Amino acid sequence: MHNGFARRLSLDSAGFRIFEQSASATAQSGAFTAQADDPSAIYYNPAGMTQLRGVQTSLGTNLAGGHTSFTNPAGGTARGDFGGTIAFPPPSNLYLTANLKDLGVTSLGDLTAGLAVLSPFGILYRYSNNGPFSTAVTSQTLPLIDIKPTLAYKLNDQFSIGLGADIYTFFSFWGAGQAVTKFNSSGGPGLPPPGTPLEINGGGTAAGFNASLLYTPFRNADGKPLVNVGFQYRSQATLPLNGQFLVNGATAADASTTVVLPQVLTGGIALWPVRNEDHEWKLEMDVDYTGWKSIRNTDVHLSSGTTIPFAQNWRSAYTVMVGTEYKWLHLEHLPHWEVAARGGYWHSQTPIPDSSFLPTVPDADQHSLSIGLGLLCKENGRFLGLFECGSSGKGLLALKALGLDLAYQAILYETRTVSGNMNPVAIPGSVNGTYQTTFHVGSINLRVNF
């Protein structure tokens, strides 16, 4: 019973990485590492913050929906979803960047500072309490938060570098405030009677770092990039999860495990076949390597002094992303607006073997298709016809522009048939079967430039 604790907490924290961290990038299926030209650069490539002027902010959220359909060899079925029509709380992001030279701080050179708060890993997923694998899991949530203080420095017109921290933690007001997994007893040896509700929860804090590079070998006559090459490394982070094991709502024991969040390496190249005073067209390809092999095993430590090992044997995996953006800079009917149309595709490998598959992370090789729209209203324009988007003032916090980014993404998982699952707490073989999953994500970000 207790070694399932390790499995559940590690699966959700590692197996459901949230790529969608801004609408401008989501619309391009995440192909944004080399472009990185809005405040979400703090996530995608912090070195890109040196491209931003003044003070810029972005606030966004994702409305995620969809479901998983399960059928086992005996014909039993189950349906999983995000706990409702959309996931709640919705994975969200907040970015703030400040070009210090533009703020009058010249002694530090071309330095830009940034801060982000976002949701990097798993969200709530649930099944019915009486489904065919309810002894493995009925629901699971991991509302982890990443706080990212970041610096970027422009070395010259070709090279910028970035360095930042990743502080992973939980907020009591955000979702459950900790990792929570619920399942029902199978009634096996040492377990409560069949059907008894069981819960395992835990929380903790971890720290990691990120380092990034932006290389611009070619620019046009106006100094804008024609080719960008971007790279980012995110370190592993060791996350201790300490909590309780509950039987029918009452604490039966304390339990803890340690999850090693994976290292991530992402590289990309962006080309602008067209970039002039009226139009810009960007093409980008990124490759993301996530070191899921850090999830080798998870040992559970019980308050009784017993340690129970459990093998995970995850594999590292790649995601290939391609995206494009076409931007109109001077529209006749919107003279003070910039309008961008975006699209993208990704293919991602699953890192999870059948032996440690859990239905609340219904992962399989997947494909993503996305589209989106970007609107930036500048000085003398009117946002939604209601108020001016900018002023000619020279103050540090004089409004310069307002932007709205929208995206829609369909994530299509390949049909996966699981066999040989070794869940140690469930009725043997109950997780085995065929899983079909489709997710839909709507992203929105509001940008304010000073």
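Predicted model: local features only at pLDDT ≥ 70, side-chain atom pairs only at ≥ 80, totals over all residues.
## Strand 1 and its partners

Strand 1 covers residues 55–71 and pairs with strand 3, residues 92–99, in the antiparallel sense over seven bridges. An antiparallel pairing over 16 bridges also links strand 1 to strand 26, which spans residues 433–449. Gln 56 takes part in both pairings: Thr 97 stands opposite Gln 56 in strand 3, and Asn 449 stands opposite Gln 56 in strand 26.

## The hairpin of strands 1 and 2

Five residues lie between the strands of the hairpin, where Gly 75 adopts a positive phi near 95°.

## The second largest pocket

The volume of the second largest pocket is about 290 Å³. Its lining consists of 18 residues, and those nearest the pocket centre are Asn 129, Thr 138, Ser 139, Lys 182 and Glu 199.

Three strands each contribute at least two residues to this lining: strand 6 (139–141), strand 9 (179–184) and strand 10 (197–203). Strand 9 provides the largest share, with four residues. By residue class, the lining of the second largest pocket comprises seven nonpolar, eight polar and three charged residues.

Methods. Residues numbered from 1 in each chain as written. Heavy atoms only, no water. 1 Å grid on protein atoms, 1.4 Å probe; cavity = no way out; pocket = protein on both sides within 12 Å on 5 of 7 lines; lining within 4 Å. Points joined across faces, edges and corners; volume = space filled by probe spheres on them. Nonpolar A, V, L, I, M, F, W, Y, C, P; charged D, E, K, R; others polar. Pairing = 2+ DSSP bridges.
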